[in-house]
Each structure stands twice: as C-alpha cells, then as structure tokens.
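Below are some notes for a colleague who has not worked with this entry before. Please read them with the structure open.

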Amino acid sequence: MSTHDAERGAGVPGPRTGPAPDSARTDEGGAKAPGLTARTEGRRPQAPAPRRSTALSSRTRTRTRLAAGTLLTPFFALFTVAMIVPVGYALWLSLFTEKQSGLGFDGPRTVFGGLGNYATALGDQAFRDGFWVLLGYCALYLPLMIGGAIALALLLDTALARARRFFQLALFLPHAIPGLIAALIWIYLYTPQLSPVVAAMEAGGIGFDFFSAEGTLPSIVNIALWQWLGYNVVIFYAALQAVDRSLLEAATVDGAGNWRIAFSVKLPLIRSSLVMVLLFTVIGSLQLFTEPLILSRGSGSAVTSTWTPNMYAYSAAFERNDYGLAAAASVLIALVAAVLSFVVTRFTTRRKEARP
C-alpha cells in the first residue's frame with residue numbers, strides 16, 4: 001500500500017482536485033447543510049429577483065403626470081376660453097328672448113323663452129332657404145376644390161413639372177390674402193365698366209352678369225377656389241412626398257403608367273389627407289359668410305342679408321338686435337356641421353373597412 005493510501009486510510013485528507021459534491025457536505029451532526037438541496041437535485045439556486053422600489057416608481061409616475069399636466073394646461077385653458085365658454089354662452093343666450101311691456105314704456109325685458117328661438121329660426125323660410133343655397137354651393141364647390149387640388153398636386157409630384165417651388169408659391173400666395181381683401185378684388189373684377197375681365201369677355205361676345213341670380217353662386221365659388229385651392233394643393237403635395245418611392249418604382253417596373261400609378265398607388269396611400277381636406281372643406285362651406293356679404297354690397301347683386309345661415313344669424317344680431325334668435329341659429333348651424341362631419345368620417349371609415 002502506498003503512502004498516499006496510508007494517509008487516506010489514517011483519515012488524513014488527500015489533495016482535492018475539485019469541489020466536494022453536495023451530498024458529501026454535511027454538518028457536524030451528519031445532516032446536509034441547509035441551502036444545498038437545489039444542487040443535490042442538479043439545479044442551480046436562482047438569485048432573488050431585484051425588487052423595484054415602490055416609492056421610486058410612485059415618484060416617477062407623479063413626475064410624469066405633472067409634466068403632462070403642465071404641457072396640456074395651456075391648450076385646455078385656450079380651448080376653454082375660445083370654445084367651451086362661447087358655445088356655453090350661445091346655448092344660454094338662445095334660451096332667452098326680449099319682449100316689450102304692454103304699452104312699451106318700460107323698454108324690452110329679457111325673459112326665458114325655452115326653445116322658442118329655435119322654433120322661430122326653423123319656421124323662418126329665409127333660414128331654411130339658406131341651407132338650400134349651401135347645398136348648391138357644396139355641389140359646385142366640393143368637386144372643383146378637391147378634384148382641382150388633387151390634379152395640381154399630382155402634377156407637381158411628377159417629373160414632368162418644372163420649377164416646383166415657383167408653382168407652389170404661386171398657388172399658395174392667394175391664401176395669404178385675407179378673405180375680405182380677396183372678395184373686394186373680385187368685386188372689382190366682376191363690375192362692368194371697371195373690370196378688364198368683363199371687357200375682355202364682352203369683346204369676345206360673352207355676356208355674363210356676375211351679380212345676377214344665376215351668376216352669384218358661380219361668382220362666390222370662384223372666389224373661394226381662388227383663395228383655398230393652393231392651400232389644399234400644399235396639403236396633398238406634402239402627403240405625396242411622404243409616399244415610399246420604392247412602391248412607385250415597383251409599380252413602374254411592373255409596367256404601370258402614370259395614370260395607373262396616380263389612381264392605384266398614390267391616391268390610396270394619401271387617403272387620410274383626402275378625408276381631412278374633405279371634412280374641413282365641408283365644415284368651411286357651412287360657414288360661408290365673407291364672400292356673399294361683400295358681394296351683397298355690389299351694384300344689383302342678388303345676394304340678400306339672409307342668403308346663407310351665417311348671414312341670417314348676423315342679420316338677426318346686428319340688424320334686428322335679436323341676440324337670442326341669432327344664438328339659436330348659430331347653434332343649429334353648429335349641429336348641422338357636427339352631423340355632416342360624423343357622416344363624412346363614418347362613410348370614409350366604412351369604405352376603408354370594406355376594402356380587402
């Protein structure tokens with residue numbers, strides 16, 4: 001027997017070549033040391049997961065909410081002052097009316113009228129006729145505005161268009177002119193004996209009265225197109241610039257022409273911009289006021305003081321001093337705008353969901 005074996009037999013531990021197995025690690029009483037069961041079963045003891053400080057996370061959430069509230073406070077304050085308060089005041093004002101006393105010596109008294117002002121507005125033929133005027137205006141204005149803006153934006157987006165920056169500025173420049181000034185400019189251009197446009201039309205054998213009953217609506221549509229067409233062109237052109245050019249290149253490789261790319265690739269990809277412009281144009285059409293008001297001052301104009309619903313409300317407030325009726329008419333116009341906005345968004349959403 002070797003010396004090494006003798007030492008092991010005498011109880012002297014020999015050299016260790018590695019850590020002793022867990023089954024051999026016992027305490028003085030012969031029991032296994034606590035905490036070694038996992039290794040005995042062939043598994044490593046998992047380290048305890050770090051605990052997130054509840055106080056720290058609570059402070060973080062508080063700071064986030066405080067920062068969000070600080071950033072949103074100016075918006076909500078301005079929205080309340082510019083929107084909520086005026087709408088609430090209009091609703092309150094529409095419920096009251098002014099009445100004279102029996103002999104009229106005490107002056108007008110403000111009394112609660114309930115929904116009487118709404119019934120008066122809806123029962124007035126002039127107020128109802130204003131919506132028919134708006135319907136004809138939208139039927140003529142919307143296709144020309146949306147179609148013309150899309151066509152010009154597609155033209156600017158193609159390689160065929162030259163001097164894009166110049167044309168963008170030229171198209172957008174009329175929008176920088178206030179609507180009042182634009183209406184005055186066009187009244188000058190519509191007036192016979194003053195306008196070079198009318199003189200040129202008469203020289204060519206074209207006689208057209210821009211202030212007649214038949215010519216008033218096209219005249220106002222022309223003013224609105226001149227002022228807002230470039231604005232919508234810029235929106236559509238910006239949306240077209242965001243289209244992935246690799247899709248257009250792939251369509252070209254597949255043999256698609258310019259028309260097919262425009263209607264099958266570009267327009268579906270800017271659908272959200274189309275819906276936004278359509279919605280804003282519809283709402284703006286319901287607020288038609290400046291152009292017909294200025295045009296009504298023209299010589300022999302067929303535009304009356306109640307030609308549109310907004311002009312009806314203006315006339316009720318500042319010509320007849322019936323502020324309750326004016327407020328009721330304004331609320332009804334806002335309701336019609338809200339309903340039309342819902343219809344437009346709902347219709348476009350359904351069409352989008354119906355597409356495969």
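1. In this predicted model, tryptophan 92 has 54% relative accessibility and counts as exposed because the cut-off is over 50%. Phenylalanine 96, at 19% relative accessibility, counts as buried because that class takes values under 20%. The two residues form a tilted aromatic pair, 4.8 Å centre to centre with 50° between the planes.

2. Tyrosine 137 and tyrosine 141 form a stacked pair, with ring centres 5.0 Å apart and planes at 20°. Both belong to helix α5 (residues 125-157), where they lie four residues apart, about one turn of the helix. An α-helix has 3.6 residues a turn, so residues three or four places apart point the same way. Tyrosine 137 is buried at 3% relative accessibility, and tyrosine 141 is buried at 6%.

3. Across the whole structure there are 16 aromatic pairs. One aromatic cluster is made up of Trp186, Tyr190, Phe208, Phe210, Phe211 and Trp226.

4. Arginine 320 lies over the face of tyrosine 312, 5.3 Å from the ring centre.

5. Which residues of helix α4 (residues 116-123) are buried? They are Asn117, Tyr118 and Ala121. These residues are on the same side of α4, because they cover an arc of only 100° around the axis. Ala119 and Gly123, on the other side of α4, are exposed.

6. Helix α9 (residues 216-241) has 26 residues. From first C-alpha to last, α9 reaches 38 Å, close to the 38 Å expected at 1.5 Å a residue. There is also a kink of about 40° in α9, centred on tryptophan 228.

Definitions and conventions: Residues numbered from 1 in each chain as written. Predicted model: local features only at pLDDT ≥ 70, side-chain atom pairs only at ≥ 80, totals over all residues. Heavy atoms only, no water. Helix = DSSP H or I, 4+ residues; strand = E, 2+ residues; numbered from the N terminus. Expected span 1.5 Å × (residues − 1). Bend = angle between axes of the 7 residues up to and from the residue. Buried < 20%, exposed > 50% of the residue type's maximum accessible area, 1.4 Å probe, protein only. Arc of directions from axis to C-beta. Phe/Tyr/Trp six-rings, centres within 6.5 Å; stacked < 30°, edge-to-face > 60°. Lys NZ or Arg CZ within 6 Å of the ring centre and 35° of its normal.
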